[in-house]
Amino acid sequence: WQQPSSLYVVSPRTRNTTSSSAVPLNFANEYYNNNKQLSVELCLLKLLPIRNDRKVVFRALQSRMEGIAAALSGITGWDRVGDSMNEAVAYLDRQRSQLEPVFNAEDGTLLAITKAEEGEVRIETLRQALLDITTASLVEYNTTLLLQRQRTAFLALARVGELLVANFPYDVPSQGQFSFLPRLLGRARVTLGVKRMPSSSSSSSNGNGNGSTGSAGKLLGNITILADGFIAPITAGNFVDLAQRGFYTGLPLTSQKKRLQGPSANNGNGGGGGGGEQFDVANLLLWGSYREGFYDPLTAKLRRIPLEMIRVEKSNGVATLSYTQGLSPSSYFSSVFFSNPLDSSSSPNTATTPTTKRRVLRQERSTPVAGGSSSSGNNNNNGILSPSTVALESPSFSKPLLSFAMPGLVAMNHPDKNPNGGSSEFFCLQSGSLTERSWLDGEYAPFGYILEGRELMEQLKPGDVIDSTTVDEWGLLNLVKLRSARTFSEVVQAGSEAVVDDS
């Protein structure tokens, strides 16, 4: 294991809207300075980049639901919660138009109609969730049930919020090797059915999606993962793309041990005292293991995903989408942009907008290092940027927004010494997998969360098999492929000339 040496960042799209406060700045400072733990539900809400006038009503409802725990304290706690939720329902009814979906100019007629219908369903689901909280507080007086319904309401509000995002907040790289990588410009829900084979050996499956899983084995249940393009568009897009292809179906779960070095031994960012090196061993349960990974029919090469994550600048809390410079690169593409806070104004008067830290470079191909290949970087050591042409940022200036200390975080796996070498494998830490979970922060890219089946996840073991894979319809609408070919033979016969636009 080795600390990545440098980063580059990608900016959000330029906006001229105004806002009175930078919510993500406060969110990041609260998270890091106070070491506050976030739940999956709050991440889904706080990381939504809603930057239009719909933001006010959305955040007001979120604030009311977050205040439930505080309202419960005291003798009249149940009444306060009930009254607060009744007021929230009345507020929703008055401001309902501010929760309706945002339509974009590029939306076709059918998509616009479908989006409007989906918006109505989601708003009604949220309204009912708020009424259910009221019932739990004024009729049933059940704290456990109340907190369960609060979680349901959080998820319902997040679903409404997904339709309030006007445009994707980042200009994700789209040239060079990035042009062959799918990206998720929103969110998608992927449900994986898991079963346990009679033998504990994973060799009972040939792992190709068509193999010997058959009808044997005991069905354990389903696990639903929410892939979040707002935290890792390319990583999440790769996962959803493989899921909708059926790549994961039939693959057994495997285990892998990773020796981790404590952050204090490298850059002094971690806790821990003393000057000695600290080590720990992570026992990871891996999903999606199949030979080297996924070979893309479009390129006829192994698909490699760059290490991608949202990082927060330590000085001001500005959140940016970043990629990691490869440790042993063989080919490079430069693509560097400015960055702005998530979910906030990008007005020129915004004090937190960085304007001098990073250079802006045009997307261009540079000369590979000695011994490297001039291909588009699909080998095991492919890199992203050329150190000879790019002024890179040290990771010591920023830290990952999401921490593996949060239960339910799903991340992409990669080879130990190649952070840009991930392909198809992913993992979610089980209890006891790793003592110092935060040591994975910055080293592996989170791209989603477990929404349902957390208890089942804890019970899984190597040899269990993915029996089915489904992606929700709305998630597939958010999956974007910049290039595609009708058949594999077209790519083989005509090379890059067979690549056509997927729009």
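Reader: Let us start with Ala300. Is Ala300 buried, exposed or partly exposed?
Author: This is a predicted model. In it, Ala300 counts as partly exposed, because its relative accessibility is 43%, a value between the limits of 20% and 50%.

Reader: Where is Ala300 placed?
Author: Ala300 belongs to the loop between β7 and β8, the latter being residues 301-302. Its phi is near 60°, which is a positive value in a residue other than glycine.

Reader: What is the phi of Arg291, then?
Author: Arg291 is not a glycine, yet its phi is positive, at about 50°. Arg291 sits in the loop between β6 (279-287) and β7 (295-296).

Reader: And is Arg291 buried or exposed?
Author: Arg291 is exposed, because its relative accessible area is 76%, and the exposed class begins over 50%.

Reader: Let me step back. How many helices and strands does the protein chain have?
Author: There are 11 helices and 20 strands in the protein chain. The chain has 503 residues, and 53% of them are buried.

Reader: Where is Leu482 found?
Author: Leu482 is in the loop between β18 (479-480) and β19 (483-484). With 27% relative accessibility, Leu482 counts as partly exposed.

Reader: New topic: aromatic rings. How many aromatic pairs are there in the whole structure?
Author: A search of the whole structure gives 14 aromatic pairs. One of them is formed by Phe247 and Phe294, whose ring centres are 5.5 Å apart. The planes of Phe247 and Phe294 stand at 85°, so this pair is edge-to-face, a label that applies over 60 degrees.

Reader: Which parts of the chain does that pair link?
Author: The pair links distant parts, 47 residues apart: Phe247 is in the loop between α8 (233-245) and β5 (254-261), and Phe294 is in the loop between β6 and β7.

Reader: Are Phe247 and Phe294 buried or exposed?
Author: Phe247 is buried, with a relative accessible area of 14%. Phe294 also counts as buried, at 7% relative accessibility.

Reader: What kind of pair do Trp287 and Phe426 form?
Author: Trp287 and Phe426 are stacked, with 5.7 Å from centre to centre and 20° between the planes. Trp287 lies in strand β6 and Phe426 in strand β15 (residues 426-428), so the pair ties together parts that are 139 residues apart in sequence. Both Trp287 and Phe426 are buried.

Reader: Which residues are linked into a cluster by ring pairs?
Author: The cluster consists of Phe239, Phe247, Tyr248, Trp287, Tyr290, Phe294, Phe426 and Phe447. The two pairs we discussed, Phe247 with Phe294 and Trp287 with Phe426, have their residues in this cluster.

Reader: Which ring does the charged end of Arg122 sit over?
Author: The charged end of Arg122 is over the ring of Trp474, 5.7 Å from its centre. Elsewhere, Arg259 lies over the face of Phe279, at 3.9 Å from the ring centre.

Reader: Let us turn to helices. How do α6 and α7 cross?
Author: Helix α6 (residues 109-140) and helix α7 (residues 143-162) have axes that come within 9 Å and cross at roughly 160°. This makes α6 roughly antiparallel to α7, because that term covers angles over 145 degrees. The crossing is left-handed.

Reader: Which residues make the contact?
Author: On the α6 side they include Arg122, Leu126 and Ala129, and on the α7 side they include Leu146, Ala153 and Leu157.

Notes
Residues are numbered from 1 along each chain as its sequence is written. This is a predicted model: local features need pLDDT of at least 70, side-chain atom pairs count only at pLDDT 80 or more; totals for chains, interfaces and linings use all residues. Side-chain values use heavy atoms; hydrogens and water are left out. Helices (H or I, at least four residues) and strands (E, at least two) are DSSP runs, numbered from the N terminus. Buried means under 20% relative accessible area, exposed over 50%, partly exposed in between (1.4 Å probe, protein chains only). Rings of Phe, Tyr and Trp (its six-membered ring) pair if their centres lie within 6.5 Å; planes under 30 degrees apart count as stacked, over 60 as edge-to-face and the rest as tilted. A charge sits over a ring if NZ of Lys or CZ of Arg is within 6 Å of the ring centre and within 35 degrees of the ring normal. Axes are lines fitted to C-alpha atoms, for helices over the stretch in contact, and angles run from 0 to 180 degrees between N-to-C directions. Angles under 35 degrees count as roughly parallel, over 145 as roughly antiparallel, 65 to 115 as roughly perpendicular and the rest as oblique. A crossing is left-handed if the near helix is turned anticlockwise from the far one by less than a right angle, and right-handed if clockwise. Contact means heavy atoms within 4.5 Å.
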